[in-house]
Amino acid sequence: METGVVGPSVAVMSMVVFGVISRTVLRFPMPKSVRNPWKWTNTFVSLVHSSLTGLGALLCFYQAPEMTKDLITPVTMSSHLLVSMSTGYFMYDVLDLFVSKKAKSHWELVLHHITVIACFGCAVVTKLYTGFALVALTIELSSAFLHIRQLLHMGGVSKRNVIYRTNSMINIGMYILFRICTLAWMTRWIVINRDMIPFIPFTLGSVGLAIMTIINVFLFFRLLQSDFLQKKPKHKDWFSE
């Protein structure tokens with residue numbers, strides 16, 4: 001297989017594999033409290049992706065420390081495959097949202113995923129900015145705890161339960177560290193290195209970061225309201241719709 005088609009091919013295969021995982025999860029018993037099998041399955045598959053890519057990104061940086069100093073040029077086989085695999089997951093999830101007719105009610109996810117596909121796709125095809133994509137994938141470490149939160153909620157676990165409360169505390173800390181701080185650092189990096197980045201990648205990165213920052217700040221306040229500021233659950237849980 002030619003070098004130039006490895007990344008896109010892995011992305012397509014990844015999309016298919018995540019689809020298979022989704023269909024497999026649907027066959028397993030779910031908690032009786034689960035009212036939306038699609039949401040349970042989608043969240044479980046998302047947790048698999050977050051766990052693999054979040055930890056994988058850290059491992060890639062550990063294996064190639066030079067990628068922490070230059071986020072543009074260095075690339076390893078494992079880092080390229082990881083970014084390609086993640087791109088395939090987002091392709092699968094967007095397709096799943098439309099096929100399941102959930103795209104309209106989850107428009108922020110569709111917007112987020114399309115933005116990520118465009119940005120990651122640049123790294124997959126050109127093999128440039130892989131380090132920058134890996135930094136973005138560390139955000140998935142936060143996503144893992146968000147997905148665990150959703151599964152606990154759908155599984156009928158009370159918000160007063162020690163497991164739920166412990167996850168909530170970890171979740172908010174991870175959100176600040178691996179989402180808000182990471183996005184702020186990425187924005188700073190792209191501004192400082194403006195002269196080194198061509199117009200199209202710079203535009204993709206800037207627009208992508210702007211969209212991601214707005215969405216994540218908005219979701220952060222919804223998370224705070226749901227888990228820490230709302231004394232009595234008068235409204236539906238925003239993160240488990």
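This is a predicted model: local features need pLDDT of at least 70, side-chain atom pairs count only at pLDDT 80 or more; totals for chains, interfaces and linings use all residues.
Local features were taken at pLDDT of at least 70 and side-chain atom pairs at pLDDT 80 or more, whereas totals for chains, interfaces and linings use all residues. Residues are numbered from 1 along each chain as its sequence is written, and side-chain values use heavy atoms, without hydrogens and water. The mean pLDDT (the predictor's confidence in each residue, from 0 to 100) of the chain is 91, and 94% of its residues reach 70 or more. Among the elements, taken as DSSP runs (helices: H or I, at least four residues; strands: E, at least two; numbered from the N terminus), the mean is highest in helix 3 (97) and lowest in helix 8 (89).

The largest nonpolar core comprises 36 residues, and Val83, Phe120 and Leu134 have the most contacts inside it. A core is a set of buried Ala, Val, Leu, Ile, Met, Phe, Trp, Tyr and Cys residues joined through side-chain atoms within 4.5 Å; buried means under 20% relative accessible area, exposed over 50%, and partly exposed in between (1.4 Å probe, protein chains only). At least two residues of this core come from each of helix 2 (37–63), helix 3 (77–99), helix 4 (107–126), helix 5 (130–137), helix 7 (162–192) and helix 8 (199–229). A second, separate core has seven residues, including Ile172, Tyr175, Ile215 and Leu219.

Histidine 113 lies in helix 4 and is buried, with a relative accessible area of 3%. Beyond four places in sequence, histidine 113 touches Phe90, Asp93 and Val94 (contact: heavy atoms within 4.5 Å). The C-alpha atoms of histidine 113 and aspartate 93 are 7.9 Å apart, with a sequence separation of 20 residues.
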